[in-house]
Amino acid sequence: MGDFNQSVILEAIRQSGTGLSRTELVEATRLSAQTVTNITRRLLADGLIAEAGRTINGPGKPRVTLRMIAESRYSVGVHLDPAVMTFVLLDLTGAVVRRITTRTPVADPRRIVDAMAATIGSLIDASGVDRNLIAGVGVAAPGPLDAERGTVIDPPKLPGWHRVPLRAVLAEATGFEVTLEKDTTAAAVGELWTRHGPPDDSFVLIYLGTGIGAALARDGEVVRGSSRNLGEVGHIIVDPDGPACMCGYRGCVEVVCTPQAIVEQAEAAGVFPDDREVNDPEAVDTRFTQLCERAASGDVAAQRVLRQAAAHLAVLVAALTNMLDVDRVVLGGPFWSRLAPVYLQELPARLERLSATRAVHTLPVDGSVVGDDVGAVGAACVVLDSVLSPRTSDLLLET
């Protein structure tokens, strides 16, 4: 209970932005004045918060404002995408202190883990942060994952990754405690941490990376699923007349909505010659960027391809939102910024037509406030979240 109450107070101070007095903490947390006094005294001694001046608010003595000490703790976030790896260092408030991006090496797991460990070391060294202040490393990886064992299990876009014990191997290579999280889930955690929405915030997050995934937040917390793999949407059918999928069906998200699928559609439409000798993630990334640039410059054929891609994605989003009945839709991931101009124009109206609850409420569609780095930032936030954010499940006692 003490740890839970401490998390409640830390989270209230963090969410406030400018800090809170002890009296305001009592009002915000509904804890007793004595509990707030005892916990804030301990947090001051531990160097997690500091007194930040006095304010006068009505009669009585001036109130001492308590604020979070951003530089008292840090976390590292790593996003493993088949095309690019992103690394960020966050302070205790969730602000990005430093970032590095690098192309993902050939998909051999050992080479990728070695590159991860080396880049984490470079990130910390370049920041000048004391390693003892780093709470841990969070890794956002494509699923499916075995969360209990910390292993990555045969992700579709990472050939050769069969039950790779990523958490243990990276922890041994870096010396830090490592948390492994599904990339879509990490992105939703980053969105919650950064946006500061209402306590009952609920949304579906569509993650646009080399693959497409989804995440769910309900009542201000991410829903992970019983095996922590919620959001595997690759084989939901969005175009029954679409191309064949390796699963045996046609028109799945995997072969219609991913960047590789969109590039192939552009080639079939004559936007590009179908002359690529390789189809690796880096080559797809390059041509996908060119497609979006052509659409932005007014190329009608390129725009038509992206509008059709938005129509297919709307089918997926409508199926999820009709089932889950959330307040809003968030889109993010490393490919999002390139798609945003077309998708934000096309999706809201299409979802309105497909929504089962359009007579009850509108369904806002927004881009993630975190940007393209939402996976890495979210992974680092997962580490901070485990330290700071209160969860009612923490109060459950084992019997």
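In what follows, a residue is called buried when its relative accessible area is under 20%, exposed when that area is over 50%, and partly exposed in between, with a 1.4 Å probe and protein chains only. The structure is a predicted model, in which local features need pLDDT of at least 70 and side-chain atom pairs count only at pLDDT 80 or more, while totals for chains, interfaces and linings use all residues. Residues are numbered from 1 along each chain as its sequence is written, and side-chain values use heavy atoms, with hydrogens and water left out. Helices (H or I, at least four residues) and strands (E, at least two) are DSSP runs, numbered from the N terminus.

Strands of a sheet pair through backbone hydrogen bonds, either parallel or antiparallel. Here two strands are taken to pair if DSSP finds at least two bridges between them. On this basis, five strands form an open sheet with mixed pairing, in the order β6-β5-β4-β7-β10. Strand β7 (residues 134–141) and β10 run parallel and are joined by five bridges, and V137 has V178 of β10 as its bridge partner.

Helix α6 (residues 183–195) lies across β4, β7 and β10 and runs at about 100 degrees to β10. Within helix α4 lies A126, which counts as partly exposed because its relative accessibility is 43%. A126 and R99 are 27 residues apart in sequence, and their C-alpha atoms are 9.9 Å apart in space.

Two packed helices are described by the angle between their axes and the distance between the axes. Angles under 35 degrees count as roughly parallel, those over 145 as roughly antiparallel, those from 65 to 115 as roughly perpendicular, and the rest as oblique. Helix α8 (residues 259–268) packs with helix α10 (residues 300–324) at an angle of about 140 degrees, their axes being 10 Å apart, and the two helices are therefore oblique to each other. The contact is made by I262, Q265 and A266 of α8 together with V305, L306 and A309 of α10. With helix α9 (residues 281–296), α8 packs at an angle of about 60 degrees, with the axes 9 Å apart, which makes α8 oblique to α9 as well. This second contact involves P259, Q260, I262, V263, A266 and E267 of α8 and V284, R287, F288 and L291 of α9. The buried residues of α8 are P259, A261, I262, V263, A266 and E267, and what covers them includes α7 (253–256), α9, α10 and α11 (336–354). After α8 comes G270, whose phi is positive, near 85 degrees.

R328 is placed in strand β14 (residues 328–332) and counts as buried because its relative accessibility is 10%. When residues up to four places away in sequence are not counted, R328 touches E191, R195, D201, S202, F203, V204, L363 and P364.

Most residues other than glycine have a negative phi, and most peptide bonds are trans. A cis peptide bond, with omega of about 5 degrees, joins G143 and P144, and P144 is placed in the loop between β7 and β8 (145–146). D154, although not a glycine, has a positive phi of about 50 degrees; D154 is in the loop between β9 (151–152) and α5 (166–174) and, at 42% relative accessibility, counts as partly exposed. R228 is likewise not a glycine and has a positive phi of about 65 degrees. The loop between β13 (221–223) and α7 holds R228, which counts as partly exposed because its relative accessibility is 33%.

Terms used. Contact means heavy atoms within 4.5 Å. Axes are lines fitted to C-alpha atoms, for helices over the stretch in contact, and angles run from 0 to 180 degrees between N-to-C directions.
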